[in-house]
Amino acid sequence: MALTYLHTMVRVKDLEKSMAFYKLLGLVETKRMDSEKGRFSLIFMAPPEQLECPVELTYNWDGDEGLPSDGRHFGHLAYRVDNIYELCAHLAANGVEISRPPRDGHMAFVRSPDNVSVELLQAGDPLPPAEPWLSAPNIGHW
């Protein structure tokens, strides 16, 4: 039986804040569908070099009282990055909390405005441990 990855879907409470977060990660909007009848929007965002690997942001126009809740039941999104230190510094400079700093030069976790855990993994070998990440504590959970 063949299996093909299509996308990962996460529900979002504030569409603009969520899209801004995923843009900070480097994702671009690839497709959008607005349903007047269903009163929802689906926005697909993906890395520019991997348009076939999108995350689908599902936004209910009339709100979703369950959001944001602890999204750990979902698991996490994972992205390979060219320089984990640079991306974490960029995210932090834009107000994103680094839940699990990249102390090992290999892995970090952040959370979206909707509490979705996002794993960042360094491409290739881990970077040498460096400050400020080496001594940065975990914040919350991922």
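**Entry 1, overall make-up.** I'm working from a predicted model here. I counted elements first: the protein has two helices and eight strands. Reading from the N terminus, I get the run β-α-β-β-β-β-α-β-β-β. Next I checked the radius of gyration, which is 16 Å, close to the 14 Å that the globule rule gives for 142 residues, so the protein is as compact as a globular protein of that length. I also boxed the C-alpha atoms along the principal axes and got roughly 50 × 35 × 30 Å.

I looked up burial: 39% of the 142 residues are buried. The accessible surface comes to about 8200 Å², and carbon and sulfur atoms own 54% of that. For contacts with a separation of 6 or more, I find 57% between residues 24 or more positions apart.

I traced an open sheet of four strands, ordered β5-β8-β7-β6, and its pairing is mixed. β5 (76–81) and β6 (98–100) are the edge strands; each has a single partner strand, so one side of each lacks a neighbour in the sheet. On average, neighbouring strands are turned by 35° against each other, ignoring direction.

I zoomed in on β7 (residues 107–111) and β8 (residues 117–122): they run antiparallel, joined by five bridges. Which residue of β8 is the bridge partner of Ala 108? I looked it up, and Leu 120 is the one.

Last, I checked α2 (residues 84–93), which lies across β5, β6, β7 and β8. Against β8, helix α2 runs at about 145°.

How values were computed:
Residues numbered from 1 in each chain as written. Predicted model: local features only at pLDDT ≥ 70, side-chain atom pairs only at ≥ 80, totals over all residues. Heavy atoms only, no water. Pairing = 2+ DSSP bridges. Axes fitted to C-alpha atoms, helices over the stretch in contact; angles between N-to-C directions. Contact = heavy atoms within 4.5 Å. Rg over C-alpha atoms; globule rule 2.2 N^0.38 Å. Buried < 20%, exposed > 50% of the residue type's maximum accessible area, 1.4 Å probe, protein only. Areas by Shrake-Rupley, 256 points an atom, 1.4 Å probe, with all protein chains shown as cover.
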